[in-house]
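Look at the structure below and follow the chain from the whole fold down to single residues. The paragraphs after it take the topics in that order.

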Amino acid sequence: QESEVVLSHPTARKQAMRVSTALFAMVQGQDLFLAAPEAVPVEVDQSVDHVVGATGKAVNLTLLDASTGAACLDGTQYGFYFVKSTTGSKKWTINIQGGGWCYNEEDCLGRAGTRLGSSKFWVDKPSTCGCMNTADDGLDADCNCIFMPYGDGASFSGYREEPWPVPGKSGSVLHFRGLRNLDATLEYAKAHLGMGDAAEMVVTGGSAGGLSTFLHADRVADFMGESVRTTAAPVVGYFLDHDDFAHDSNTYTDEMAYIYHMQNLTVGALKQECLDTYGDKPHYCFMSPHMQQFVKVPYFMFNSKFDAWQMNNILRAPCYVAGKHPCPQEEQDAVLQFGKDFLAQFAPVQAESQNGAMITSCICHGCNWAATVLENRTSYQHYAAWHAGKDTGAAAIHIDSRGPNGDGALDKGFGCFPFP
């Protein structure tokens with residue numbers, strides 16, 4: 001299955017300019033950021049087909065009318081893919097695409113010319129959708145599934161009524177309508193696709209789509225109503241609030257703060273209780289470790305405590321940014337500490353008995369969850385047991401306590417990035 005690769009971190013791009021080789025590498029569907037000298041986001045293998053869950057047939061795009069207010073960064077109409085159940089099931093999944101973020105106007109302008117910012121790349125490009133509903137001891141292969149491609153650069157959270165100018169680029173504007181893209185899709189599905197008859201809804205997504213899942217699961221649940229059981233399954237969407245290796249002044253957290261203001265995340269996307277709690281740091285409500293405590297919908301999260309994207313883009317360990325191994329001892333120590341810090345920021349998730357989790361030690365981002373085993377069960381078997389109510393509380397939290405890549409046991413055959 002194809003997968004998109006996006007180098008979206010400006011600091012990583014600057015560091016990459018000092019590296020002689022400019023390339024991306026794919027390891028079993030993971031995004032490996034080795035180097036890229038360009039000053040704007042670059043995509044290799046620009047596919048919208050990389051989705052989590054049990055996938056069905058490929059279908060054509062449904063474009064939303066411009067009158068809905070939905071739009072991609074370049075102003076083109078937003079659209080989605082709907083795979084209808086073949087058995088008349090009343091189970092639904094909303095599957096939200098990932099692909100990083102654009103951290104400033106120039107970054108977003110570059111993204112507007114790619115699949116992650118314009119629907120002109122989606123037309124006549126069928127895609128599938130991955131069900132995250134469960135059946136028996138794993139995923140249900142059949143559901144009503146909406147795959148939402150990523151066209152806004154802010155995890156479906158921004159909204160500005162008027163086009164936003166790009167500084168230094170006369171005549172260039174951006175359209176920040178992510179939140180409206182989500183709402184308009186829900187409204188269309190209820191009016192035209194039978195979603196009003198749903199009995200069960202799972203909200204899921206990977207990477208930036210995993211953050212979208214944390215951010216918007218309650219919004220979807222409110223839209224569906226109390227009669228519909230709504231749960232969430234965020235996949236590799238737990239991005240830490242963490243210093244980088246160089247201890248510089250432009251961290252991932254700082255960049256999320258700029259997105260908050262640029263895309264106007266104040267208008268309903270973020271939880272008011274969270275905004276009230278964090279006061280002068282409202283961007284914390286755009287970061288899963290800070291805002292997850294306010295999520296009411298039960299969720300089961302899939303994540304690596306040594307997430308490969310975060311090694312490159314949050315910790316920014318030079319050996320991972322440059323793809324040069326083995327890492328020096330100081331960088332190895334930083335990676336090990338990051339794993340400890342992940343578990344510390346993950347601890348509040350464990351405190352809520354309604355939640356579940358599968359935390360791997362594999363250094364991965366597009367992790368092979370179907371093949372990831374802990375306690376003699378795969379990730380999806382653990383997830384199905386949680387979703388069915390068989391495992392609850394501490395019994396639904398599964399953490400690989402070993403060091404990176406299972407202390408070497410996962411080095412081969414699992415698609416983990418190397419350590420040290």
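Among contacts in the protein between residues at least 6 apart in sequence, 77% join residues at least 24 apart. The model shown here is predicted. Its secondary structure consists of 12 helices and 21 strands. The protein has 420 residues, and 60% of them are buried. Its accessible surface amounts to about 15,700 Å², with 51% of that area belonging to carbon and sulfur atoms.

Helix H3 covers residues 178–192, which makes 15 residues. Which residues of H3 are buried? They are Gly178, Leu179, Asn181, Leu182, Asp183, Ala184, Thr185, Leu186 and Ala189. After H3 comes Gly194, which has a positive phi near 85°.

Leu64 sits in the loop between strand S6 (61–63) and S7. Is Leu64 buried or exposed? Its relative accessible area is 2%, and a residue under 20% counts as buried, so Leu64 is buried. Leaving aside residues up to four places away in sequence, Leu64 touches Ala70, Gln77, Tyr78, Gly79, Phe80, Asn181, Ala184, Thr185 and Tyr188. Ala184, one of the residues touched by Leu64, is also one of the buried residues of H3. Leu64 and Ala184 are 120 residues apart in sequence, yet their C-alpha atoms are 7.7 Å apart in space.

The next topic is a pocket. The second largest pocket has a volume of about 170 Å³. Its lining is made up of Leu215, His216, Asp218, Arg219, Ala221, Asp222, Gly268, Ala269, Leu270, Lys271, Lys296 and Val297. Sorted by type, the lining residues are 5 nonpolar, 2 polar and 5 charged.

The backbone itself has some details to look at. Most residues other than glycine have a negative phi, and most peptide bonds are trans. The following cases depart from that pattern.

Asp124 is not a glycine, but its phi is positive, about 65°. Asp124 lies in the loop between helix H2 (105–111) and strand S9 (130–131). With a relative accessible area of 70%, Asp124 is exposed. Asn376, likewise a residue other than glycine, has a positive phi near 65°. Its place is the loop between strand S19 (373–374) and strand S20 (377–378). Asn376 has a relative accessibility of 75% and therefore counts as exposed.

Where are the cis peptide bonds to be found? One runs from His325 to Pro326, with omega near 5°. Pro326 belongs to the loop between helix H9 (318–322) and helix H10 (329–351). Another cis bond joins Phe419 and Pro420, and its omega is about 0°. Pro420 is in the segment that follows helix H12 (404–407).

Terms used: Residues are numbered from 1 along each chain as its sequence is written. This is a predicted model: local features need pLDDT of at least 70, side-chain atom pairs count only at pLDDT 80 or more; totals for chains, interfaces and linings use all residues. Side-chain values use heavy atoms; hydrogens and water are left out. Helices (H or I, at least four residues) and strands (E, at least two) are DSSP runs, numbered from the N terminus. The expected span of a helix is 1.5 Å times one less than its number of residues. Buried means under 20% relative accessible area, exposed over 50%, partly exposed in between (1.4 Å probe, protein chains only). Contact means heavy atoms within 4.5 Å. On a 1 Å grid over the protein atoms alone, a cavity is a set of points where a 1.4 Å probe fits but cannot get out, and a pocket is an open set with protein on both sides within 12 Å along at least five of seven lines; lining residues have an atom within 4 Å of a point. Grid points are joined across faces, edges and corners, and a volume is the space filled by probe spheres set on the points. Ala, Val, Leu, Ile, Met, Phe, Trp, Tyr, Cys and Pro count as nonpolar, Asp, Glu, Lys and Arg as charged, and the others, Gly among them, as polar. Accessible areas come from the Shrake-Rupley method with a 1.4 Å probe; for residues, only the protein chains shown count as cover.
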